[in-house]
Amino acid sequence: MSDAVLELDAIEKGYKLGKPGEIRVLRGASIAIARGEVVALVAPSGAGKSTLLHIAGLLDSADAGTVRIGGQDLTRAKDRARTSARRQAIGFIYQFHHLLPEFSAAENVILPQLADGLPRAEAEARAADLLGRVGLENRAGHRPSELSGGEQQRVAFSRAMANKPLILLADEPTGNLDPATATVVFDTLLSLVRDTGMGALIATHNPDLAARMDRVLRMEAGQLVDRTAT
Ligand SMILES: Nc1ncnc2c1ncn2[C@@H]1O[C@H](COP(=O)(O)OP(=O)(O)OP(=O)(O)O)[C@@H](O)[C@H]1O
Ligand SMILES: [Mg+2]
């Protein structure tokens, strides 16, 4: 699939844990996500969702298999190429948000844009727009420690969208949110993804949200199986 924004092909990943051997987490996981496509990743705790997302987001390396972002093979790319792909092409929402603690919510959304070369005024305007979309216009000046868990998660969402990535990777982006706020954030996510033509892979334990995505992939024995309800 040449128009895929993200392609993972036969990804293998294990962790070594001392003498007893290693855990094989991913055993030939493959996926292709097209522009504008929103895909749910579901699996029980410990199945390997975060592991897969970290490999797709170039935050970790696979033992075997291929990672392509926007058609570019980045499997064995050097650190500099990986860093620039992460900054320009990938939006990542971590399971535990990882905001910069010494900066305000707005600065957390502005900084990645400055790193990508945007003028400050434009970066500020985009940060205000994104934070407004998730209902945080009155929290832009707060530091992460002055925000609730769900508010931090919404800042992390705005930050991931800041550089208009090709692919959004989200690890339980609504896990700390009450149902009403989860729906608002998810609706915002869907409309931004569809408006911009980016693709999205979203790990979630929420079956209602999964059902609203274009496809549902389930991780079974280290592989991805299509479980979209028909
Ligand atoms: N750095 C590591 N070293 C050793 N084992 C690890 C490491 N990271 C993850 N694992 C193991 O790999 C498996 C998959 O972990 P992963 O975090 O990908 O699961 P998950 O599907 O995201 O789970 P959850 O829904 O709880 O977030 C788990 O059994 C975990 O213990
Ligand atoms: Mg996880």
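Fourteen residues line the second largest pocket, and Gly-46, Gly-48, Lys-49, Ser-50 and Thr-51 lie nearest its centre. The structure is a predicted model. Around ligand 1 there are 13 residues, of which Ser-45, Gly-46, Lys-49, Ser-50 and Thr-51 come nearest.

**Second largest pocket**

- The volume of the second largest pocket is about 190 Å³.
- Helix H1, residues 49-56, supplies the largest share of the lining of this pocket, with 4 residues.
- Sorted by class, the lining of the second largest pocket comprises 8 polar, 3 nonpolar and 3 charged residues.

**Ligand 1**

- Ser-45 has a polar side-chain atom 2.6 Å from an oxygen atom of ligand 1.
- For Lys-49, a polar side-chain atom lies 2.7 Å from an oxygen atom of the ligand.
- Thr-51 likewise places a polar side-chain atom 2.6 Å from an oxygen atom of ligand 1.
- Lys-49 and Thr-51 are also among the residues nearest the centre of the second largest pocket.

**Largest pocket**

- The largest pocket holds about 500 Å³ of space.
- Its lining consists of 17 residues, and those nearest the centre are Arg-86, Ile-90, Tyr-94, Pro-112 and Arg-159.
- Two or more lining residues come from each of helix H2 (79-88), strand E6 (90-93), helix H3 (105-115) and helix H5 (149-161).
- The class counts for the lining of the largest pocket are 8 nonpolar, 6 polar and 3 charged residues.

**Asp-73**

- Asp-73 belongs to strand E5, which spans residues 72-73.
- The side chains of Asp-73 and Thr-75 make a polar contact at 2.6 Å.
- Leaving aside residues up to four places away in sequence, Asp-73 touches Thr-66, Val-67 and Arg-68.
- Leu-6 is 67 residues from Asp-73 along the chain, and the C-alpha atoms of the two are separated by 10 Å.

**Arg-215**

- Arg-215 is part of strand E9, residues 215-220.
- A polar contact of 2.8 Å links the side chain of Arg-215 to the side chain of Glu-37.

- Most residues other than glycine have a negative phi.
- Ala-10 is not a glycine, yet has a positive phi of about 50 degrees.
- Ala-10 sits in strand E1, residues 4-16.
- Ala-10 counts as partly exposed because its relative accessibility is 35%.
- Glu-172 also has a positive phi, near 55 degrees, in a residue other than glycine.
- The position of Glu-172 is in the loop between strand E7 (167-171) and helix H6 (179-196).
- Glu-172 has a relative accessible area of 12% and is therefore buried, the limit for that class being under 20%.

Conventions
Residues numbered from 1 in each chain as written. Chains lettered and ligands numbered in written order. Predicted model: local features only at pLDDT ≥ 70, side-chain atom pairs only at ≥ 80, totals over all residues. Heavy atoms only, no water. Contact = heavy atoms within 4.5 Å. Polar contact = N/O pair within 3.5 Å; in protein donor to acceptor, adjacent residues only side chain to side chain. 1 Å grid on protein atoms, 1.4 Å probe; cavity = no way out; pocket = protein on both sides within 12 Å on 5 of 7 lines; lining within 4 Å. Points joined across faces, edges and corners; volume = space filled by probe spheres on them. Nonpolar A, V, L, I, M, F, W, Y, C, P; charged D, E, K, R; others polar. Near = heavy atom within 4 Å. Buried < 20%, exposed > 50% of the residue type's maximum accessible area, 1.4 Å probe, protein only.
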